[in-house]
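Colleague: I have some questions about this model. Please show it, and we can go through it piece by piece.

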Amino acid sequence: MMSTLSNAIPIFNPRTGERDGEIVPPSAAEITQIAQDLRAGQVAWDALGLDGRIAAMRRWADAIEANAAQISAAEMRDTGRKRVAHEVPFIVAGSIRGWCARAPKVIERAHFQGTSTVMPAVSYRTQLVPYPLVGIISPWNHPFLLSMLDAVPALIAGCALLVKPSEVTPRFIEPVTETIAKVPELAAVLRYIVGDGGTGQALIEEVDALCFTGSVPTGRKVAEACARRFIPSFLELGGKDAVIVTGSADIPQAAAAVLKGAVSNTGQMCFATERAYVAREIYQPFVEELTHQASKVALSYPDMGQGHIGPYIHARQADIVDAQLEEAVEAGARIEVGGPSQTLGGGRFMPATVVTGVDHGMRIMRDETFGPVIPVMPYDDEDEAVALANDSEFGLSGAVIAGDADEAERIAERLNAGAISIQDTSLTLYIMGDVEKTSFGISGLGGSRMGPNAMLRFFRKKALIRRSGPVLDMESLAEHNVSSHH
């Protein structure tokens, strides 16, 4: 039975298009109280020490796996995806255990101690002070995973967390909250709240640091709100990832990599491949091969356990992609296979779509698409390919596929993006815990959320400076200042 509350937000099933639930956001006063409770809990959480927090987080990983079936079922209803929904609880649990294993060395390396290089009687050491309360605003394309990507290292660092996922995909929150309750220490410092942009604005007013994953327009608003409060914001925003395919590339292999990068998860990934630049001498056979492979990619309908491409999670995104396609065709582009979206059983689906005859005057080559679409352009030489790939406001990631990895890597070094896959696409997935990357352009702001040092974003670094021996008087201080400059 649906609520009669005026602030209730409807939830729609992505596979049927039907309204099958709703959420009721907390009031601003309730969010303030939740934040106060979390701040109170953080004191004890920090006092547990690193070993105590790691022990609690490992117990939580076990609880997530024990409740994996319920979490997966909720995520399936949120996203309309089956395989990925089954994997997500285990990916999150694995991430928790990975951070628990890495954290001691990361924190040890961040501590400095020693003696002043200009005053031997002065020594120093580092104190790492966690932000008491960190806010997370996460998107709808990977509901549970992206709500935890920043939260896990922040929790291990000693912060309390207030998390607001997208109002489009909130069903996973209930079974995840059940796992949090299994670890009382954690339950005092980790809370999910539901709501839309208004709830996000209220959250920003209560926290000490903010992590946001989502669109550039919303990210800009978040950054401005955080700047007004003088709190740090870490933003992971949109992408318009380019792949360059050189004339020496293996055409079937390159086409397979480009197709995978474009249509996996219905293209609803920030690092999806959204532009392909192909050497003119292989352009036509490449387009034919890509079109052939794309024509074999099946929709996950009517059986969500079959096929490759699930529904759009958010029906509004289907409209955005359809509009880009329509405008491109009106301007002279050609759809070789696929598109536009189809309504099947009430859900919005789109086949793997290959578009040619495109140019940079079209939105499909400039704006984030976030759908299973790959526009393909020819280029005449390497300089042109690099210039085209770099002709974008975005700079999240990209790819180069060539006849050999050395050729690809040489070109990759010229691209303006934070992570470049070589001889494949979307390799960012496999190095999340290993190496840092920062976004170029409008694709993000703040320190890297990848690599072991991502945890250090959640500490303020304090220097404790000790003098040994007598304090210098004014005359001695003047003499020291003179001598230290010679």
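Colleague: Which cysteine sulfur is closest to that of C159?

Modeller: First, the ground rules: this is a predicted model, where local features need pLDDT of at least 70, side-chain atom pairs count only at pLDDT 80 or more, and totals for chains, interfaces and linings use all residues. Residues are numbered from 1 along each chain as its sequence is written, and side-chain values use heavy atoms, with hydrogens and water left out. A disulfide is a pair of cysteine sulfur atoms within 2.5 Å. The sulfur of C159 is too far for a bond, at 9.0 Å from its closest cysteine sulfur, the one in C211.

Colleague: Is G158 buried or exposed?

Modeller: G158 sits in the loop between helix 6 (151-157) and strand 6 (160-164); helices (H or I, at least four residues) and strands (E, at least two) are DSSP runs, numbered from the N terminus. Buried means under 20% relative accessible area, exposed over 50%, partly exposed in between (1.4 Å probe, protein chains only). G158 has 0% relative accessibility, so the residue counts as buried.

Colleague: How far apart in space are G158 and W45?

Modeller: In sequence, G158 and W45 are separated by 113 residues. C-alpha to C-alpha, the distance between G158 and W45 is 6.3 Å.

Colleague: How many residues apart in sequence are the parts that D62 and R97 tie together?

Modeller: Side chains of opposite charge can pair when their charged atoms come close. A salt bridge is a side-chain nitrogen of Lys or Arg within 4 Å of a carboxyl oxygen of Asp or Glu. D62 and R97 form one at 2.8 Å, N to O. D62 is in helix 2 (residues 49-66) and R97 in helix 4 (residues 83-110), so the parts tied together are apart in sequence by 35 residues.

Colleague: Is K437 buried or exposed?

Modeller: The side chain of K437 meets that of E236 in a salt bridge of 3.7 Å, N to O. This pair links distant parts of the chain, 201 residues apart, with E236 in strand 9 (residues 233-236) and K437 in the loop between strand 19 and strand 20. E236 is buried, at 12% relative accessible area. With 10% relative accessibility, K437 counts as buried.

Colleague: Which residues are linked with R414 in a network of salt bridges?

Modeller: R414 and E382 meet in a salt bridge at 2.9 Å, N to O. They link distant parts of the chain: R414 is in the loop between helix 15 and strand 19, and E382 is in helix 14 (residues 382-390). R414 is partly exposed, at 34% relative accessible area. The network links R414 with E382, D383 and R410.

Colleague: What is omega for the peptide bond from Y301 to P302?

Modeller: P302 lies in the loop between helix 12 (280-295) and helix 13 (315-330). The peptide bond from Y301 to P302 is cis, with omega near 5°.

Colleague: What is the relative accessibility of T266?

Modeller: T266 is in the loop between helix 11 (251-263) and strand 11 (273-279). Phi of T266 is positive, near 60°, in a residue other than glycine. T266 counts as buried, and its relative accessibility is 1%.
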